[in-house]
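Welcome, and thanks for taking a look at this model with us. Please keep the sequence and the 3D view side by side as you read.

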Amino acid sequence: MRSIPFVAKGFERIIYDQLYAYLSDNNMTTTYQSGFRSLHSIAAALLEATNSWAYNKYIDRGNVYSVVFLDLKKAFDTVYHEILLSKLSSFGIHGNSLEWFKSYLDNRQQEMFC
C-alpha cells in the first residue's frame, strides 16, 4: 500500500475544492447529500428526514421508519476505484484530469467488508 506524503495532503485539498466547485457549479450534487459538505452533518440529515416524514404525515399513518447512519473512518478505502473513475467520467471529468485520478488511485489498497 502506498502512503500519501504530508505535502500531498495540501494538494488533495486543492483538488477537492476544484472538484467540489465543478460539481456544484454544474448542479451535480444533491441537496440531500450531507457528507463532505460544510454545514451539513449527520444531525442535519436526520432532521431533514424526520421533517419530511412528519410533513407528509407518514408517521401519523402508522408508518414506521428505521434509519442507519454509517461513519466510516476510512470510507475512501472501501470505494471500488473503477466505479469511482467511471462516475467521474460520467460527470465530465476526462483527459488529463481523469488520468490524474487514475494515477492517484494506482496501487492504493482497497479494504473489503465481508
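Helix α1 gives the largest share of the lining of the second largest pocket, four residues. This is a predicted model, in which local features need pLDDT of at least 70 and side-chain atom pairs count only at pLDDT 80 or more, while totals for chains, interfaces and linings use all residues. Residues are numbered from 1 along each chain as its sequence is written, and side-chain values use heavy atoms, with hydrogens and water left out.

**The second largest pocket**
- I15, Q18, L19, Y22, I93, S97, W100 and F101 line this pocket.
- Two or more lining residues come from each of α1 and α4.
- The space in the pocket is about 160 Å³, a volume being the space filled by probe spheres set on grid points joined across faces, edges and corners.
- A pocket here is an open set of points on a 1 Å grid over the protein atoms alone, where a 1.4 Å probe fits, with protein on both sides within 12 Å along at least five of seven lines; lining residues have an atom within 4 Å of a point.

**Helix α4 and its buried side**
- Within α4 (residues 95-105), the buried residues are L98, F101, Y104 and L105; buried means under 20% relative accessible area with a 1.4 Å probe, protein chains only.
- These residues lie on the same side of α4 because they cover an arc of only 120° around the axis, taken from the directions from the helix axis to the C-beta atoms.
- An α-helix has 3.6 residues a turn, so residues three or four places apart point the same way.
- The cover over the buried residues of α4 includes α1 (6-25) and α3 (81-90), judged by contact, meaning heavy atoms within 4.5 Å.
- After α4 comes N107, with a positive phi near 65°.

**The largest nonpolar core**
- Ten residues form this core: I15, L19, L23, L85, L88, I93, L98, F101, Y104 and L105.
- A nonpolar core is a set of buried Ala, Val, Leu, Ile, Met, Phe, Trp, Tyr and Cys residues joined through side-chain atoms within 4.5 Å.
- At least two core residues come from each of α1, α3 and α4, and α4 supplies the largest share, four residues.
- Beyond its neighbours within four places in sequence, L88 contacts L19, I93, L98 and F101.

**The chain as a whole**
- The protein chain has four helices and zero strands; helices (H or I, at least four residues) and strands (E, at least two) are DSSP runs, numbered from the N terminus.
- Of its 114 residues, 15% count as buried.

Key. Buried < 20%, exposed > 50% of the residue type's maximum accessible area, 1.4 Å probe, protein only.
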